[in-house]
Amino acid sequence: MKLMSANRYSSGTVWVLSLLLLIACVLVSPAMAGTKYLSGGPSLSAAVTGTNELISGQTVPLQVTVQNSGLIDSKFSQTGLVDRTDLPNTAKTVTVGLGSGSAPVTIQSDPQMIGDILGGASGQSKFNVKVEADAPSGTYTLPVSVNYTYLESAEQVGTDSLNYNYVTKSLIIPLTVTIRSEVIVDVQKISAEQLNVGTEGYLNLTLQNTGNENGKNAIVKIVRNGASPITPTDSSVYIGDFAKGAVVNCRYRVAVSTEAAAQTYPVDVIVAYEDHDGINRTSRLQTIGVPIGGKIDFKVSSEAPSINPGQKKVLDVQYTNVGATTVYSAQARLSAVDPFTSNDDTAYLGDIKPGDSVMAHFEVSTTSDATIKQYGLDSEIRYRDALDNSQISDTMKVPVNVVAKTGTSAILGNPIILAVIAAIIIGVGYFLYTRKKGSA
């Protein structure tokens, strides 16, 4: 019993001593130290991210980077100081604007807020800059206006509060850009020669250099636009020097797909040239619309000719050019099928203008057992287009009526009747001969 009581008092004593030791440690530990900054503030600069080259006549996005290189020169920590929320070298609520200055440009974007920029960090803003079409090449300065707020000082009040002194500052930072002149293509006139669906023809262009660059060794090219049915056959024309303001005429041979329709289709135009520094350049692509005429087509415009069974006859068939352009050296062909045959199934038609009609003549024969009805014989026209390419028209149907013989034709066409007539003629002749002989 006495041993157990001694152990219990010993544990209580240990607990009290531990508590007293903890209180003593808290009382004698030093207070947390704060930091005070004696110098340092924001130091902002601006630069173009990427190329600073602008092109006359273009609207380009110009990305401006604002860099804060402000440093903190000195600081010290001391017990009892309260830490500041902001550092003195932080540029807060930064707003960036871009001006045109004396440069031949128009700034199409308003000033932009890019937020806080810590020391050693940067912020970005983007401005749309439109360069005048006749802007002279050269180096220009654009003013970048930057407005921001920073913590100039902080005064501690008591042991647990601070009075902040923020200052707003505005500055103008010069930004250097270069304007490069270029050849700008303006297609002033478009004309098409014999450009019809399924044929080749010519595309004539009149172009002017409305840029500020005098292009050297210039080549004007036309390029197929996507899936356009217009495909250049001759795509490049060398024009040599293409001075600013100069006007040139170019002629191209192009082909039009048979799947096209009579409408306007796109073609792209570019100019490859050397600039004043001898650097190879390519102008901005310009898309133009080229009108395409309808398909060259024909129709059979004559009445259906008639023929008897077993007869050989020349059929007259009239063809009309219902297309939009003249065809040259045209030849018509008639395909004779049972019960028709022909030893002369081709007819020369010559040149046929739109709306003109030409008569063709085909010699055909029918079998004697041909069925009395209307037949449709296939016919086509082979011709040459304006560029002397051989073309073949769509197949046309030539209606031909096989009709029964009537009147004299029916009699003369019946072999039995012909045999009877022949017998009568022979008999009459024999009678007259014997009678004449008897009277002699």
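**Ground rules**

I am working with a predicted model, where local features need pLDDT of at least 70 and side-chain atom pairs count only at pLDDT 80 or more, while totals for chains, interfaces and linings use all residues. Residues are numbered from 1 along each chain as its sequence is written, and side-chain values use heavy atoms, with hydrogens and water left out.

**Confidence**

I checked pLDDT, the predictor's confidence in each residue on a scale from 0 to 100. The protein chain averages 85, and 82% of the residues score at least 70.

K92 lies in strand 6 (residues 91-98) and D116 in strand 8 (residues 112-117), so the two tie together parts that are 24 residues apart in sequence. My strands and helices are DSSP runs, numbered from the N terminus: E over at least two residues for strands, H or I over at least four for helices. In total, I count nine salt bridges in the structure.

**Sheet 12-13-17-15**

I traced an open sheet of four strands in the order 12-13-17-15, with antiparallel pairing. Two strands pair if DSSP finds at least two bridges between them. At the edges I find strand 12 (185-193) and strand 15 (230-232), each pairing on one side only. Neighbouring strands are turned by 35° against each other on average, direction ignored; the axes are lines fitted to C-alpha atoms, for helices over the stretch in contact, and angles run from 0 to 180 degrees between N-to-C directions.

Inside this sheet, strand 13 (residues 200-209) and strand 17 (residues 247-256) share nine antiparallel bridges. L207 stands opposite V248 of strand 17.

I also looked at P232, which belongs to strand 15. Leaving aside its neighbours within four places in sequence, P232 touches I222, V223, R224, R253 and V254. Its C-alpha atom is 9.5 Å from that of E200, 32 residues apart along the chain.

In the loop between strand 12 and strand 13 I noted Q194. Q194 has a positive phi of about 55° although it is not a glycine.

**Sheet 21-23-27-25**

Here is another open sheet of four strands, ordered 21-23-27-25 and paired antiparallel. Strand 21 (298-300) and strand 25 stand at the edges with a single partner strand each, so one side of each is left without a neighbour in the sheet. The twist averages 40° from one strand to the next.

Strand 23 (residues 312-321) pairs with strand 27 (residues 357-366) over nine antiparallel bridges. I located T320 opposite S357, and V314 has E363 as its bridge partner. Strand 25 (residues 340-344) and strand 27 pair over four bridges, again in the antiparallel sense. There, T341 is partnered by S365.

In the loop between strand 24 (327-334) and strand 25 I found P339. The peptide bond from D338 to P339 is cis, with omega near 15°. For context, most residues other than glycine have a negative phi, and most peptide bonds are trans.

**Surface patch**

My last stop was a nonpolar surface patch of about 350 Å², made by V420, I424, V428 and L432. Patch residues have over 30% relative accessible area and no salt bridge; like charges are joined within 9 Å and nonpolar side chains (Val, Leu, Ile, Met, Phe, Trp, Tyr) within 5 Å. Accessible areas come from the Shrake-Rupley method with a 1.4 Å probe, and for residues only the protein chains shown count as cover. I placed L432 in helix 3 (residues 415-439).

Key:
A salt bridge is a side-chain nitrogen of Lys or Arg within 4 Å of a carboxyl oxygen of Asp or Glu. Contact means heavy atoms within 4.5 Å.
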